[in-house]
Amino acid sequence: GARRFVAGETLEEGLRVVAALRARGMSATLDYLGEKVTDLAAARQAASTYCEMLRALSAAGLGPNVSLKLSQLGLTIDPGACLADVRRVVEVAAELGGFVRLDMEESALVDDTLTIYRALVREFPGRVGIVLQAYLYRTQTDLRGLLPLGPNVRLCKGAYSEPPSVAYPRKRDVDASFLRLLELALREAAFTAVATHDERIIREAKRMIVEADARGRAEFQMLFGVKPRLQQALVDEGWPLRIYVPFGTHWYPYFVRRLAERPANLAFVLRGLRG
Ligand code: FMN
């Protein structure tokens with residue numbers, strides 16, 4: 001089952017999937033699978049891999065666009081060193097006219113992730129983006145705080161197991177939060193990526209994008225292998241869609257998160273498995 005959600009183990013396989021998606025009218029963001037590192041050498045290695053991915057995408061005539069987790073670049077060991085490493089990646093992206101998305105992880109890492117985003121977006125405007133999670137109570141405030149920077153925001157529900165003290169436990173509250181955040185982002189953010197496979201939210205989002213006249217500064221994003229028919233249907237309707245494409249050998253935590261971190265995800269993964 002896991003293979004269904006990853007492009008393969010090597011960069012070459014990742015590039016092949018990105019090229020195939022492009023042929024079907026979809027763009028991509030490439031993710032090198034990995035989670036929290038425990039030494040800075042591993043973090044440095046991950047940063048170098050991301051630089052190599054950007055260069056390879058560019059050389060292949062594919063959009064140099066990657067998504068990364070700051071914990072994989074040492075955020076929990078040394079935030080200063082992490083900033084230096086991710087800065088190196090964003091510098092390469094800027095040089096190539098590409099883009100780096102900072103994925104959002106568990107709630108304990110949100111402050112440090114936002115701090116690093118703020119530093120980078122000032123230095124490399126238009127080359128780096130952030131993720132905001134609708135399940136967190138704090139996100140409305142976080143979004144408002146980012147708006148003066150002209151942020152590029154990927155909005156998602158949130159995939160980690162969080163206590164009710166920090167995140168809405170119920171799906172309907174997460175959904176309502178998502179739509180409130182989306183409305184604000186579409187109106188005020190520089191760019192908004194709507195990252196969900198939830199057909200009700202997608203339907204609302206289409207209406208809101210048209211209403212906000214935001215077609216040129218918004219896109220849908222979905223995970224590789226999840227609801228492929230829905231993906232193709234969106235593209236066939238003319239909506240911009242970017243697929244999050246993970247590759248690498250370290251797929252297990254990614255797969256488990258897709259399956260189990262939120263009970264609500266189980267149904268969507270099972271539907272995805274059925275295709
Ligand atoms: N969840 C996170 O917690 N952090 C992320 O950075 C993140 N990136 C995502 C990127 C894409 C393109 C998509 C589609 C989802 C992402 N997610 C992320 C997962 C969502 O939070 C959520 O768990 C998943 O999409 C299932 O919910 P759905 O019903 O909205 O599709």
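**Figure 1. Pairing of strands β3 and β4.** Strand β3 (residues 99–102) runs parallel to β4 and is joined to it by two bridges; strands are said to pair if DSSP finds at least two bridges between them. R101 stands opposite G129 of β4. Helices (H or I, at least four residues) and strands (E, at least two) are DSSP runs, numbered from the N terminus. The model shown is predicted: local features need pLDDT of at least 70, side-chain atom pairs count only at pLDDT 80 or more, and totals for chains, interfaces and linings use all residues. Residues are numbered from 1 along each chain as its sequence is written.

Figure 2. Six of the six residues of β4 (residues 128–133) are buried, so the strand is largely enclosed by the rest of the structure. A residue is buried if 20 or more other C-beta atoms lie within 10 Å of its own, exposed if 12 or fewer, and partly exposed in between, with C-beta atoms placed from the backbone. V128, I130 and L132 point one way from β4, whereas G129, V131 and Q133 point the other way.

Figure 3. A right-handed β-α-β unit is made by β3, helix α4 (residues 110–123) and β4. From β4 the chain then crosses through helix α5 (residues 139–146) to β5, and this β-α-β crossover is also right-handed. The term right-handed means that, with the strands pointing away from the viewer, the path from the first strand over the helix to the second runs clockwise. β4 and β5 (residues 152–156) pair in the parallel sense over four bridges, and V131 has R154 of β5 as its bridge partner.

**Figure 4. Residues around the ligand.** Of the 19 residues around the ligand, D103, C156, A159, T196 and Q221 come nearest; a residue is near a molecule if its C-beta atom, placed from the backbone, lies within 6 Å of it. β4, β7 (218–223) and α10 (263–274) each supply at least two residues of this shell. The largest share, three residues, comes from β7. By class, the shell has 10 nonpolar, six polar and three charged residues. Here Ala, Val, Leu, Ile, Met, Phe, Trp, Tyr, Cys and Pro count as nonpolar, Asp, Glu, Lys and Arg as charged, and the others, Gly among them, as polar.

**Figure 5. Two loop residues with positive phi.** Most residues other than glycine have a negative phi. D213, in the loop between α7 (199–211) and β7, has a positive phi near 55°. With 10 C-beta neighbours inside 10 Å, D213 counts as exposed. K227 is found in the loop between β7 and α8 (228–236), and its phi is near 45°, likewise positive. K227 is partly exposed, with 19 other C-beta atoms within 10 Å.

**Figure 6. E91 in the setting of the protein chain.** E91 lies in helix α3 (residues 79–96) and counts as partly exposed, with 17 C-beta neighbours inside 10 Å. The C-alpha atoms of E91 and R203, which are 112 residues apart along the chain, are separated by 36 Å. Taken along the principal axes, the C-alpha atoms of the protein chain fill a box of roughly 45 × 40 × 35 Å. Buried residues make up 44% of its 275 residues.
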